[in-house]
Amino acid sequence: MINYLKLTFFQLRKKSNIINAILVSLAILVVIGSNYYKKFYNNFKLNDSKNYLATYMLQVDKREDLTNEENYNTLKNIENVTNISYMYEFSDVIHSDLFKTDKFSGDIQIYNSSNESLPEIVKGTNFPDNDGYYMVCPINFYPESLNNIKYYSKKDNFNLDSYLGKEIVFDYNGYMFSRNLDDKYKFEIPIKLVGLYKNANNYYDESECYVNKKTIHDITKNEYTDLEEDYVYQINHPVYALNVSSYEEVEKVEMSLEKSGYNYNRMFYFDENETQQINNTADLVYNIAIVIIFIFIFLVFQKDYYEDKEYYRQLNVLGFNLKEIKIIYFISLLIKVFVYFLFVLVITIISMLVIKILTINYPFILSKLRVLYSFDGIASVILIFIFNVLLSFMIHRHIGKLNV
Amino acid sequence: MITIKNIKKSYKKGNHRVEVLDNVTYSFKSNSLYCIIGKSGAGKSTLIEILGLLIKEECGSINIKGREINSLNEFEKAKVRNKEIGFIFQDFYLNPLMKAYENVMLPMYLDKNITNKKRKEKAYELLKLVGLVDRETHFPKELSGGEQQRVAIARSLANNPNIILADEPTGSLDSESTVAVLNILKCLSKENKCVIIVSHDDRVQKYADVVLKLEDKKLKEKDK
């Protein structure tokens, strides 16, 4: 058999092959990059957003024609409502010296929750059935105020593994403390950390923990010490916080609320239309990139062919037949494609390493960037190459032909 | 060795058809060096390309060592080119990306019975034969015109063909290189080969055993 590989490799010595390889690799990266951008928006904005609890929580005003008990029972019976709490004991900020370091203030946000409305627990358990003080915290945890957490990086993570199953003492102040710096308005509460939940990737939930009803009820009650009138007012004029089973069920619950005559609003409004528009733009960018890159790679292949045309004719003059020359040309196309992929692989690995280093060592905003290995993008590139190889092969089917 | 009979060839130029060869008949023998002369545009290069099976005649026949070539298909003609004919061109026609010995080896790749080591050895021998020693691993751009033409001659001998066709082989060379190349071709013609040279160069005629003139679309022997 003819040593086709050897005969192909001579032409690969061309210096322009390196420039072509770099240009084509960059073109491929544009396709993979724009596909990543498209997927990023798909996953990050659309899907991940729906994993953030606040996007499927509703704030509901009391119906004045019903008693508190009737309101509570009506809301409780709405399908897909997993938890009802009162806005006055819905969320709070508490502090622990255990979490206080030179990096962190030790403050955390807590939210009223039930087992039905907790996010996915990845370590430990959800709330036990008995009466006690329990909490679940995020697996990526920064005990710091919301405004500051975006300045941390992944390596700053406060590891809660050793605290799982243990009680942590938190302190907080009553509302009167700011007016009257009296220790009687300073309180402590031991809360057992029972589980760790999976963070939503696109929101800053790293300082948000969920506590059971009793915990936040008792905290709130203490906060209203010497403000009994205000506390009673809150109890008599409740505004409700509803947890819905999932993002997809929110509209159904809203319809039920409307039917039942309640005023409501979403705790965190997620604009799907805006995100869909961005997603459509990302799709368009990606599709345009595919077309442009296809043409670009086609032109590179043609330029290459015209540079090597004389070689193929020379082979025919020296006695190689058309079939043998076509095989040599075809192998040369395959080898070039392989080399381009190799270049892309190297550049991609380097880029991934750079991103990984950035996300570990640099601010939090960057660490929310996830490296998504998108097979769609790579599949598109493979298809572009296959079409170009076949097209070039078809166009130049008379390669090296003499007029004999 | 190679016989042509009633060869006709014309080209389309604009709306007209220009006849270049009209019933050209000749028999080229081995152990001879032929020089084909003629005015510019007379059809010398066309004739040599027909002899080398690089272009197709309109009518007529070509016979190489008693074998009718016209009826052969493209694959078979390529084989004949590889085995029976060696080519030398004015602009050397070497591959710039191959070293001297690799250029010489190129026609040998079609012989599946020979190992790469043997091909390389043979290439080195042929380069030595044409007076190129210590230049085997040079690329064409690192060689002078004369040296490049000698590489082309060595390549033309790769498969030990019986026919050598040279189209203006000295056209790009200085006097010294011209003499060297012509000496090599003369020696080859004495080794049972048929060497046919197309040239304007008067010096080539002095080396030729037979001088042929292509005039008025016909080929005639000229008195030396």
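In which sense do E2(A) and strand E10 of chain A pair, and over how many bridges? E2(A) and E10(A), residues 239–244, pair in the antiparallel sense, over five bridges. A:Ile84 stands opposite A:Leu242 in E10(A).

Before I go on, some housekeeping. This is a predicted model, where local features need pLDDT of at least 70 and side-chain atom pairs count only at pLDDT 80 or more, while totals for chains, interfaces and linings use all residues. Residues are numbered from 1 along each chain as its sequence is written, and chains are lettered from A and ligands numbered from 1 in the order in which they are written.

Now two terms. Helices (H or I, at least four residues) and strands (E, at least two) are DSSP runs, numbered from the N terminus. Two strands pair if DSSP finds at least two bridges between them. As background, strands of a sheet pair through backbone hydrogen bonds, either parallel or antiparallel.

Back to the sheet. The pair we started with belongs to an open sheet of four strands in chain A, in the order E2-E10-E1-E11, with antiparallel pairing. Strand E2 (81–86) and strand E11 (264–266) of chain A are at the edges, and each has a single partner strand, so one side of each is left without a neighbour in the sheet. On average, neighbouring strands of this sheet are turned by 25° against each other, direction ignored. Helix H3 of chain A, residues 68–76, packs on the sheet and touches strand E1 (57–61), E2 and E10 of chain A. The direction of H3(A) makes about 155° with that of E2(A). For such angles, axes are lines fitted to C-alpha atoms, for helices over the stretch in contact, and angles run from 0 to 180 degrees between N-to-C directions. Two residues are in contact if their C-beta atoms, placed from the backbone, lie within 7 Å.

Next, helix H6 of chain A, residues 250–259. Which residues of H6(A) are buried? They are A:Val250, A:Val253 and A:Leu257. A residue is buried if 20 or more other C-beta atoms lie within 10 Å of its own, exposed if 12 or fewer, and partly exposed in between, with C-beta atoms placed from the backbone. The buried residues of H6(A) pack against E1, E2, E10 and E11 of chain A. Just after H6(A), A:Gly261 takes a positive phi of about 85°.

There is other strand pairing in chain A. Strand E3 (residues 91–95) and strand E4 (residues 107–112) of chain A pair in the antiparallel sense over five bridges. E4(A) is also joined by four bridges to strand E9 of chain A, residues 208–211, and these two run parallel. A:Tyr111 shows both pairings: A:Ser91 stands opposite A:Tyr111, and in E9(A) the bridge partner of A:Tyr111 is A:Tyr210.

Now chain B. It has seven helices and 10 strands, and 48% of its 224 residues count as buried. Is B:Lys65 buried or partly exposed? B:Lys65 is partly exposed, because 13 other C-beta atoms lie within 10 Å. B:Lys65 is found in the loop between strand E4 (59–64) and strand E5 (67–68) of chain B. Leaving aside neighbours within four places in sequence, B:Lys65 is in contact with B:Met1 and B:Asn162. B:Lys65 and B:Asn162 are 97 residues apart in sequence and 9.2 Å apart in space, C-alpha to C-alpha.

Last, the cores. A nonpolar core is a set of buried Ala, Val, Leu, Ile, Met, Phe, Trp, Tyr and Cys residues joined through C-beta atoms within 7 Å. The largest has 103 residues, and those with the most contacts inside it are B:Val104, B:Leu127 and B:Ile197. Its largest share, 11 residues, comes from H7(A). A second, separate core of 29 residues includes A:Phe104, A:Tyr134, A:Val136 and A:Ile168.

That is the end of my part.
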